[in-house]
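Thanks for coming. I have one structure to show today, and I will keep it short.

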Amino acid sequence: MRVGRNDPCPCGSRKKYKQCCEKKARSSRGSTALMVVVGAIVIGGLAAAFSRWNDDSVPASAPGRVWSPEHGHYH
């Protein structure tokens with residue numbers, strides 16, 4: 001059963017729910033959603049960085065330079 005804003009707080013403080021625990025419940029939901037979003041962004045960034053780092057394709061040659069596969073850079 002859901003507690004109404006004007007009902008007594010279930011924590012036993014004898015205050016109304018809106019003046020006691022409602023703010024705590026709202027802030028915990030908001031911070032959880034924020035942490036999920038930030039976590040998804042971090043995981044996406046790490047996945048993109050790893051896929052670029054792990055890319056074994058040889059890049060297009062630069063003018064006047066030769067790609068060295070042994071060293072992994074231009075000479």
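Predicted model: local features only at pLDDT ≥ 70, side-chain atom pairs only at ≥ 80, totals over all residues.

Residues are numbered from 1 along each chain as its sequence is written, and side-chain values use heavy atoms, with hydrogens and water left out.

Helices (H or I, at least four residues) and strands (E, at least two) are DSSP runs, numbered from the N terminus. Of the 75 residues, 9% count as buried. Buried means under 20% relative accessible area, exposed means over 50%, and partly exposed is in between, with a 1.4 Å probe and protein chains only.

Now the residue: is Glu22 buried or exposed? Glu22 sits in helix H1 and counts as buried because its relative accessibility is 9%. Its side chain makes a polar contact of 3.1 Å with the side chain of Arg5. A polar contact is a pair of N or O atoms within 3.5 Å; within protein, one must be able to donate a hydrogen and the other to accept it, and residues adjacent in sequence count only if both atoms are side-chain atoms.

Last, the surface. Val38 is also part of helix H1, which covers residues 22-53. Val38 counts as partly exposed, because its relative accessibility is 42%.
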